[in-house]
Amino acid sequence: MISLDNVTMQYKASTRPALRDLSLEIDKGEFAFLIGPSGSGKSTFFRLLLKEDKPTSGEVRVGDFRVDKLPGRKVPKLRQSIGCVFQDFRLLQQKSVADNVAFALEVIGKPSSTIRKVVPDVLDYVGLAGKADRMPTELSGGEMQRVAIARAIANRPLVLLADEPTGNLDPDTSEEIVDVLDRVNRRGTTVVMATHDRHIVDSMRRRVLEFNLGRLVRDEDHGVYGVG
Ligand SMILES: Nc1ncnc2c1ncn2[C@@H]1O[C@H](COP(=O)(O)OP(=O)(O)OP(=O)(O)O)[C@@H](O)[C@H]1O
């Protein structure tokens, strides 16, 4: 589903590469944690998958997309097959919960009949039934992240990338959010979650990919956070 082959990413403004000769594969349906200290390359890895940056060398694949060689006109199609969730939720503040999700489907050209059906289903799925008409300011952090997940999965992407999705949440709420991601994964979506949350990694016992200084230094199937 995701594969990197000898990928190096050297930003022009930086003296050392953000990723160095990175090779890894994540299969369809896997749930993988990406861990490592600040600056180890986790966000850069996500940016390469989304073609927000182009690697200096090496090959990047997501599903059938050869991302590093993808022409610009095909990038929207790639991004439609990758859902993203971030630490800071990134909701549209002027739109209701339902409209945040609907808007994501509108911009990719889904017909309104589909949108009317999908939005309540997906809100129900993430545990927000009954909150469709709330504005983001009327939600808790955990609820905001549920909206962000609903928006990210509404189009049933192949992959869900979550960049520190629990970074702004308390421990109990974090567990609830990871439960939602776990359900999304069990439905067949590949999930990759970058995190600094030791407790979550240790309790889930899923694949752990540890980065350090742009290198993959550990890859374990049922890993823990470890000493780092
Ligand atoms: N646009 C950029 N230009 C120059 N250097 C960059 C750029 N983006 C990231 N870097 C550098 O690349 C390295 C990897 O950064 P990256 O953001 O991928 O790390 P990270 O593991 O996601 O960190 P964090 O846990 O803090 O989010 C760092 O040394 C960073 O300073």
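**Close-up views of a predicted model**

**View 1. Antiparallel pairing of strand 1 with strand 4.** In this predicted model, strand 1, covering residues 2–9, pairs with strand 4, covering residues 57–62, in the antiparallel sense. Five bridges connect these two strands.

**View 2. The hairpin of strand 4 and strand 5.** Strand 4 also pairs with strand 5, formed by residues 65–66, and the pairing is antiparallel over two bridges. Across this pairing, V62 stands opposite F65 of strand 5. Two residues lie between the strands of the hairpin, and G63 takes a positive phi near 55°.

**View 3. The residues surrounding the ligand.** The surroundings of the ligand include Y11, A13, S14 and A18. The residues G36, S38, G39, S40, G41, K42, S43 and T44 also surround the ligand. By class, this shell has eight polar, three nonpolar and one charged residues.

**View 4. Parallel pairing of strand 3 with strand 9.** Strand 3, spanning residues 31–35, runs parallel to strand 9, spanning residues 207–212, and four bridges join the pair. Within this pairing, F33 stands opposite V208 of strand 9.

**View 5. The hairpin of strand 9 and strand 10.** Strand 9 is joined by five bridges to strand 10, made up of residues 215–220, and the two run antiparallel. Here L209 stands opposite D219 in strand 10. The hairpin has two residues between its strands, and L213 takes a positive phi near 50°.

Technical notes:
Residues are numbered from 1 along each chain as its sequence is written. This is a predicted model: local features need pLDDT of at least 70, side-chain atom pairs count only at pLDDT 80 or more; totals for chains, interfaces and linings use all residues. Two strands pair if DSSP finds at least two bridges between them. A residue is near a molecule or strand if its C-beta atom, placed from the backbone, lies within 6 Å of it. Ala, Val, Leu, Ile, Met, Phe, Trp, Tyr, Cys and Pro count as nonpolar, Asp, Glu, Lys and Arg as charged, and the others, Gly among them, as polar.
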